[in-house]
Amino acid sequence: MNGHPRRSAYEVALAQFDEATSKMPHLSPNTIKFMRVSKRELIVNFPVEMDDGRIEMYTGYRVHHSTVRGPTKGGIRYHPDLTLDETRALAMWMTWKCALMNLPFGGAKGGVIVDPRKLSQRELRRLTRRYATEISIMMGPEGDIPAPDVGTNPQVMAWIMDTYSMHRGYSVPAVVTGKPIQIGGSQGRFDATGMGVMFMAREALKHLRISAEGATAVVQGFGNVGAIAARYMQMLGAKVIAVSDVNGGIHNPKGLDIPSLQQHVRETGSVLDFGGADTVSNTELLELPCTVLIPAALEGQITEDNADKIRCKVLAEGANGPTTPGADKILMGNGTFIVPDILCNAGGVTVSYFEWVQSLQAFFWSEADVKRQLERLMVDSFNSVLNESREKSLPTRMAAYTLAINRVADALELRGVYP
Ligand code: NAD
């Protein structure tokens with residue numbers, strides 16, 4: 001590490017926005033000004049009764065970046081290091097992601113500063129119900145629809161749905177997505193983000209004329225996104241040679257069997273000590289030579305400090321904001337093909353859109369229909385980004401951004417400034 005100053009997630013999001021809009025001379029400065037800031041930001045401090053009777057105070061956020069193209073959509077993160085700045089960045093990225101996928105949503109994000117692994121299930125349920133009540137002034141099936149993110153899961157979504165419904169006096173399944181199928185969730189939602197990452201890695205390999213059969217993959221983060229992306233990469237014929245979680249990583253150049261590893265994680269809570277694999281640090285893992293590198297943990301993992309040591313052909317960004325703008329330039333200089341986060345991990349929000357539609361209509365699709373529509377939308381978006389990148393000689397990230405920002409700008413200009 002040679003210690004370049006670390007930029008916050010929001011500084012990164014703004015730098016990406018500024019770079020993209022600098023390549024869009026047709027945009028009016030007024031439109032740019034409007035899109036650069038979040039629409040509303042809520043901070044809530046609230047008490048939770050712990051199992052031993054103590055009261056602990058928690059802080060949570062909900063940020064709506066844009067409501068120009070529709071209700072806001074974005075996950076809920078439970079993490080000890082969550083900040084308002086990070087929540088703002090994640091909300092802005094959601095706006096661009098929804099616009100790139102042409103979903104009728106704006107971006108939002110929320111979360112609580114908490115390590116969910118340190119709470120009992122009862123404490124987690126009480127925290128979730130209180131947080132859901134606190135943000136209910138900003139949440140609703142027509143206004144703002146949360147979903148899972150780091151540290152949350154379908155059970156947490158079920159509690160949010162139930163809490164909101166209790167206050168209304170009737171069930172409102174469309175208020176969240178990523179909820180269990182038994183209470184109105186969608187077939188295919190659980191796998192959607194990881195499956196989408198595989199579709200995008202597959203398209204990138206096709207574009208580069210590299211066979212998936214025999215390709216190697218390295219995955220950082222083994223949660224909702226990483227574990228499922230790893231499983232689908234193995235199903236595609238790639239050899240997943242290394243994965244990690246917050247405790248560290250494991251490496252086996254012969255390939256890791258992902259279903260067995262998932263079983264090991266269910267039993268032990270970590271990827272460490274999986275049979276036949278060596279231990280590697282998260283830093284070493286990112287620098288392993290491989291065909292496809294999938295960061296699927298947190299922001300800011302690939303920076304100017306380590307980008308020149310990254311040795312993959314395709315960087316498929318499962319996480320939001322894993323790569324800083326400085327690192328982007330180094331990777332592009334080295335010929336790395338980047339599938340940017342707002343495209344690569346958009347499978348989750350895309351099937352969340354399908355789930356919202358199904359919940360509103362109380363009419364449910366088959367798993368095959370969900371997966372077919374997901375694949376179609378993602379492959380179409382991949383091709384649009386590739387065409388934009390070729391036609392305008394833009395890096396793939398900037399191509400994705402300019403497509404997305406144009407759609408938001410169009411909607412904004414058509415609607416006009418109120419009053
Ligand atoms: P998760 O909580 O299910 O899993 C996160 C994983 O990352 C865990 O295995 C954790 O141990 C690991 N991790 C945490 N800190 C780490 C570190 N410093 N180094 C290595 N591993 C670390 O979260 P998730 O839902 O899989 O989200 C992962 C990323 O994908 C986030 O950036 C999230 O915003 C993004 N994302 C998630 C979804 C979704 O549908 N869940 C959709 C789009 C994008």
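Is Thr 402 buried or exposed? Thr 402 is buried, because its relative accessible area is 4%; buried means under 20% relative accessible area, exposed over 50%, and partly exposed in between, with a 1.4 Å probe and protein chains only.

A word on the source. This is a predicted model, in which local features need pLDDT of at least 70 and side-chain atom pairs count only at pLDDT 80 or more, while totals for chains, interfaces and linings use all residues. Residues are numbered from 1 along each chain as its sequence is written, and side-chain values use heavy atoms, with hydrogens and water left out.

Thr 402 belongs to helix H14, residues 396–415. Helices (H or I, at least four residues) and strands (E, at least two) are DSSP runs, numbered from the N terminus. Leaving aside residues up to four places away in sequence, Thr 402 touches Ala 20, Met 24, Glu 388 and Leu 394, where contact means heavy atoms within 4.5 Å.

I turn to the strands. Strand E1 (residues 40–49) and strand E2 (residues 55–64) run antiparallel and are joined by 10 bridges; two strands pair if DSSP finds at least two bridges between them. Pro 47 has Met 57 in E2 as its bridge partner. E1 and E2 make a hairpin with 5 residues between them, and Gly 53 in the turn has a positive phi of about 95°.

Rings of Phe, Tyr and Trp (its six-membered ring) pair if their centres lie within 6.5 Å; planes under 30 degrees apart count as stacked, over 60 as edge-to-face, and the rest as tilted. By this rule there are 9 aromatic pairs. In one of them, the ring centres of Phe 46 and Tyr 131 are 6.3 Å apart and the planes are at 40°, so the pair is tilted. This pair links distant parts of the chain, with Phe 46 in strand E1 and Tyr 131 in helix H4 (residues 121–134), 85 residues apart. Phe 46 is buried, with a relative accessible area of 0%, and Tyr 131 counts as buried at 0% relative accessibility. Elsewhere, Phe 105, Tyr 353, Phe 354, Trp 356 and Trp 365 form one aromatic cluster.

Finally, an open sheet of 7 strands has mixed pairing and the order E9-E8-E7-E6-E10-E11-E12. Its edge strands, E9 (278–280) and E12 (337–339), each pair on one side only. Strand E8 (residues 248–251) pairs with E9 in the antiparallel sense over 3 bridges, and Ile 250 stands opposite Thr 279 in E9.
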